Amino acid sequence: MMGIQDIKDIMKPFNFATFKVEVITLVSSIVTILATFSQNYLGISGAFAGALFILLIVDFLTGIRAASVTGQKITSGKGLRSLYKAGAYIVFMYISFMLHKELQGRADLFETIVKYFHIYIIIHVAFWELFSVDENLKKMGIDLGITDLLKLFYNNILVNQKITHLQNMKIQMKTLKINP
């Protein structure tokens, strides 16, 4: 005759609650480790690091799909190139952030330059990956216009900088005329 303990023993393999807890614990641990690493060593938030990671994966997958659509041969070298690219991004962000941390409170001018260089690297990596994804999508016949939007955004920034520069020059010229 089967007792309650025997039934519990039979049902153990079908108890997914424990498995869910283990998976959630593992995933949250990985996310915490990656967020801490990205914040302490790359100078970016965990959310932004996750977004960049997802963007790299999307770039890799769309690159493979675009290659198959255009009839190009898919080789392991192309896959390794994506891995090298991700490694280079991490190294550049790491070096610029460590330089920024090292200069804090020591050399204000250099600290500011390195801080803005670090920000530039992060923005450049994000734009570069977005351009790459858009190029891959265009090869597959899908035009989302990401490149056009980014170019519009970039050109708008340049125009605003030129206007500011011209206004500053105009102010300087007026100052020179008033105070020879």
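The model is predicted, so local features need pLDDT of at least 70 and side-chain atom pairs count only at pLDDT 80 or more, whereas totals for chains, interfaces and linings use all residues. Residues are numbered from 1 along each chain as its sequence is written, and side-chain values use heavy atoms, with hydrogens and water left out.

**Figure 1. Confidence along the predicted model.** The mean pLDDT (the predictor's confidence in each residue, from 0 to 100) of the protein is 80, and 86% of its residues reach 70 or more. Helices are DSSP runs of H or I with at least four residues, numbered from the N terminus. Where pLDDT is low, the predicted coordinates should not be read in detail.

Figure 2. A pocket is an open set of points, on a 1 Å grid over the protein atoms alone, where a 1.4 Å probe fits, with protein on both sides within 12 Å along at least five of seven lines; lining residues have an atom within 4 Å of a point. Of the 23 lining residues, A49, L52, F53, L56 and I90 are the closest to the centre. At least two lining residues come from each of α2 (16-42), α3 (46-70), α4 (76-103) and α5 (108-139), and α3 gives the most, eight. By class, 18 are nonpolar (Ala, Val, Leu, Ile, Met, Phe, Trp, Tyr, Cys and Pro), four polar (the others, Gly among them) and one charged (Asp, Glu, Lys and Arg).

**Figure 3. The second largest pocket and its lining.** This pocket holds about 420 Å³ of space. Its lining has 18 residues, and G63, I64, K78, R81 and N136 lie nearest the centre. Helices α3, α4 and α5 each supply at least two lining residues. The lining divides into five nonpolar, seven polar and six charged residues.

**Figure 4. The largest nonpolar core.** Twelve residues make up this core, including L42, I44, L56, Y89 and I122; such a core is a set of buried (under 20% relative accessible area, 1.4 Å probe, protein chains only) Ala, Val, Leu, Ile, Met, Phe, Trp, Tyr and Cys residues joined through side-chain atoms within 4.5 Å. Its largest share, four residues, comes from α5.

Terms used. Grid points are joined across faces, edges and corners, and a volume is the space filled by probe spheres set on the points. Buried means under 20% relative accessible area, exposed over 50%, partly exposed in between (1.4 Å probe, protein chains only).
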